[in-house]
Amino acid sequence: MKKRRQDEHSYILLKKIVGVVGICAVFALCGLGAYGITTLFYSHMGYHPNDLVKALIHSILNCMLFIGVGMIISFFTMSRHRGRFQPLIDALRRIAMGDFRVNLDIKLANEWGELVDGINHVAEQLNEMEKLRQEFISNVSHEIQSPLTSISGFARALHNERLRPEERIRYLEIIESESKRLSKISDNLLKLTALEGIQHDLERKRYRLDTQLRALILASEPQWMAKEIEMDIDLEKVEIVADEDMLSQVWTNLLGNSIKFTEAGGKISVKLETVNGEVLVKITDTGIGISKENQERIFERFFKADLSRNRANSGSGLGLAIVKKIIDLHHATIVVESEEGKGTTFTITFIQTA
């Protein structure tokens with residue numbers, strides 16, 4: 001690629017040199033033509049002006065001839081140049097109309113170089129974005145349709161006057177549960193959209209990360225106590241500069257997932273330490289684990305690794321996407337290590353600031 005770019009620059013430079021030489025040659029020929037015409041004119045008319053008038057007439061005629069030759073050349077080459085630009089114009093029009101399946105011929109790249117590469121790259125990136133947009137819309141529609149179908153079905157069932165009271169209560173509980181699920185999907189979508197628009201507007205401040213983690217673990221005590229999960233907490237005293245509210249969403253989501261997918265009587269450990277100037281947070285559980293192929297996709301929007309889990313445990317598939325986005329905004333990293341049936345470890349690494 002580098003050699004190709006060098007060849008393109010050399011070719012362009014050579015064309016410029018040839019062009020300048022050509023213009024000079026045409027101007028010189030026009031000058032000779034103007035000299036010949038004025039000489040014949042003076043001889044035929046018997047008119048012999050002084051040197052100043054001769055030079056002035058010669059210069060004017062020379063310029064007129066040069067302009068005339070230029071117009072003639074432009075007239076004959078205009079259609080040819082338009083034909084050379086036409087593929088680029090057509091490609092840009094297709095992109096403007098939403099057709100991103102543009103791939104200009106490599107032969108054009110030899111002539112237009114970086115311009116052709118740029119158009120192809122833009123079309124490729126826009127095509128990928130369009131695929132993501134369509135997939136996102138499809139996923140949103142699917143996720144919303146499921147709870148709406150349940151709500152609609154059980155609402156119709158409530159019209160049956162012969163329903164027993166306990167059945168009616170169960171149907172109402174399902175409607176309430178699905179409504180909360182729908183609300184959570186909407187809330188997570190709004191959060192993700194808001195995060196996508198954030199560049200450098202994080203509300204960073206220095207605070208105790210160990211204190212935050214301990215408070216969130218205690219806040220989730222009813223959930224892990226109900227499943228008799230053993231909590232192993234090892235928190236080193238650490239201060240970081242970050243957006244406390246956003247990181248709170250990260251820890252809440254990761255802890256919630258660990259509790260949700262750890263069997264009763266299992267174990268969850270949370271470790272905070274500094275290693276070589278980096279702050280490491282490790283959340284490990286003895287839950288159901290994640291398969292190798294799914295580990296590469298768990299941070300995708302709407303992806304659900306555990307397809308067998310029941311409706312009660314079903315999430316929106318947006319939680320880990322939100323986690324990844326928040327971690328990226330803090331210029332940190334998150335890594336997952338897991339084995340099916342043996343548990344999962346999430347490791348979040350921050351670069352410690354002075």
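Student: How many salt bridges does a search of the whole structure find?

Tutor: This is a predicted model, in which local features need pLDDT of at least 70, side-chain atom pairs count only at pLDDT 80 or more, and totals for chains, interfaces and linings use all residues. Residues are numbered from 1 along each chain as its sequence is written, and side-chain values use heavy atoms, with hydrogens and water left out. A salt bridge here is a side-chain nitrogen of Lys or Arg within 4 Å of a carboxyl oxygen of Asp or Glu. Searching the whole structure on that basis, the number of salt bridges is nine.

Student: Is aspartate 210 buried or exposed, and which residue does it pair with in a salt bridge?

Tutor: Buried means under 20% relative accessible area, exposed means over 50%, and partly exposed lies in between (1.4 Å probe, protein chains only). Aspartate 210 has a relative accessible area of 2%, so it counts as buried, while arginine 208, at 30%, counts as partly exposed. The closest N and O atoms of the salt bridge are 2.8 Å apart, and the partner of aspartate 210 is arginine 208.

Student: Within what arc do the buried residues of helix α6 fall?

Tutor: Helix α6 (residues 209–219) has Leu209, Asp210, Gln212, Leu213, Leu216 and Ile217 as its buried residues. Seen down the axis of α6, these residues line one face of the helix, because the arc, taken from the directions from the helix axis to the C-beta atoms, is limited to 160°. On the other side of α6, the exposed residues are Leu218 and Ala219. The arc asked for is 160°.

Student: How many aromatic pairs are there, and how are the rings of tryptophan 251 and phenylalanine 350 arranged?

Tutor: Rings of Phe, Tyr and Trp (its six-membered ring) pair if their centres lie within 6.5 Å, with planes under 30 degrees apart counted as stacked, over 60 as edge-to-face and the rest as tilted. By this rule the count is three aromatic pairs. The rings of tryptophan 251 and phenylalanine 350 have centres 6.3 Å apart and planes at 70°, so their arrangement is edge-to-face.

Student: Which elements hold tryptophan 251 and phenylalanine 350?

Tutor: The two residues are 99 residues apart, and their pair links distant parts of the chain. Tryptophan 251 is buried, with a relative accessible area of 0%, and phenylalanine 350 is also buried, at 6%. Tryptophan 251 lies in helix α8 (residues 244–260), and phenylalanine 350 in strand β7 (residues 343–351).

Student: How many residues of α10 are buried?

Tutor: Among the buried residues of α10 are Gly319, Ile322, Ile326 and Leu329. Just after α10, histidine 331 takes a positive phi of about 55°. The helix is mostly covered, the number of buried residues among its 11 being eight.

Student: Which residues does alanine 332 touch?

Tutor: Alanine 332 lies in the loop between α10 (319–329) and β6 (333–339), and at 9% relative accessibility it counts as buried. Contact means heavy atoms within 4.5 Å. Not counting residues up to four places away in sequence, alanine 332 touches Ile327, Thr349 and Phe350.

Terms used: Helix = DSSP H or I, 4+ residues; strand = E, 2+ residues; numbered from the N terminus.
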